[in-house]
Amino acid sequence: MNNVENSGSVTWKAPSNIAIVKYWGKHGTQLPNNPSLSLTLNEAFTSTSIDYEIKNQPGLELDFYFEGVENVEFRNRIFKYLEIITPHLPWLKFAKLTVRSTNSFPHSSGIASSASAMAALSMCLVDIAELVGQEIKDKTRLQSYLARLGSGSACRSIFPHAAIWGQCKGIPHSSDDYAIGFENLHPVFKTYRNDILIVSSEKKSVSSSIGHDLMNNNNYATARYENARQNAEKLYQIMSQGDLQEFIQIAESEALQLHALMMCSSPSFILLEPNSIAIIKKIRAFREESYVPICFTIDAGPNIHVLYPQEYAVVCQEFINHELKAFCEQERVIKDYVGEGPKKLI
Ligand code: PMV
């Protein structure tokens, strides 16, 4: 236990990620019912700093500030999370933590922040673990594992460019417990663009935890999990080879399946807005007439993520400005692209 630092401070920023094969349905402690595969984003991120002190007396103490303001609701949620992960970080029992967190994207943008938030938090916690003398065998694995316990999809935000989460026969080293990086990703995906068209910034009417639960009684669940498994295996090959036509086919099918599953759940949810559909149709029509490999994916909400290779950025952005922006709330578009994963700031 050399060089143990019983107080100090760490800061990380961690990005959000967008799933191409979607995680929808879980069991046990945040374990996925099917494998998922995502692109790591760059511009939508959370920065988190933790001041820590290890006390002589047991009893976890936590203060939490979001965007500079003390936030008791978030504090209580994180306190519960820290209690859950204490078996993995035993020093937490003696810790006094002050956590400060900010998002790069507006709170009211309709973009979920749990993936970036839980990834940034877990990066900080694993650093502190090392500083206070905890022996860690595989740092990346622990970072992803702890992020997963906070929010499933967060475990994929730890890696540069792309990540895979969930055990899958055709994908070596894949696991339900943590995500892995995409080792032999084709270079075209390392600079892929993702423009988020904000159709509505209203809080979504179904939280992802309720959404996952709805899969337990969904008549199509078994077929869905099998199809997601096949899509993950296929996409893994496709994204190694850089086959854009095949990528587009799976990306759009996965996005629409996610929404189809919500529509045929009980209770049923329709999260797409008329403008979401209008954008989807425009993207497909433009692709057919121009042969530009542009496509979309969608999260559990009405906003449309437009995906295209960096080399088509000029023509795609012109198309978005002229044809799609009008369908967005106050013409809002958040421009993002595939990035290098979390970064230590201090
Ligand atoms: O990580 P959660 O529990 O917020 O679930 C995320 C679910 C989707 O965003 C819809 C899909 C995914 O794989 O990210």
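What share of the contacts in the protein chain with a separation of 6 or more comes from residues 24 or more positions apart? The share is 76%, where contact means heavy atoms within 4.5 Å.

This is a predicted model, in which local features need pLDDT of at least 70, side-chain atom pairs count only at pLDDT 80 or more, and totals for chains, interfaces and linings use all residues. Residues are numbered from 1 along each chain as its sequence is written, and side-chain values use heavy atoms, without hydrogens and water.

**View 1. The fold of the protein chain.** Eight helices and 14 strands form its secondary structure; these are DSSP runs (helices H or I, at least four residues; strands E, at least two), numbered from the N terminus. The radius of gyration is 20 Å, close to the 20 Å that the globule rule gives for 346 residues, so the chain is as compact as a globular protein of that length. The radius is taken over C-alpha atoms, and the rule is 2.2 Å times the number of residues to the power 0.38. The C-alpha trace spans about 70 × 45 × 40 Å along its principal axes.

**View 2. Burial in the protein chain.** Of the 346 residues, 55% are buried. Buried means under 20% relative accessible area, exposed over 50%, and partly exposed in between (1.4 Å probe, protein chains only).

**View 3. K93 and its surroundings.** K93 sits in the loop between α1 (72–85) and β7 (95–103). Its relative accessibility is 47%, so K93 counts as partly exposed. Neighbours within four places in sequence aside, K93 contacts P58, G59, L60 and T86.

**View 4. K93 and C316.** These residues are 223 apart along the chain. Their C-alpha atoms are separated by 52 Å.
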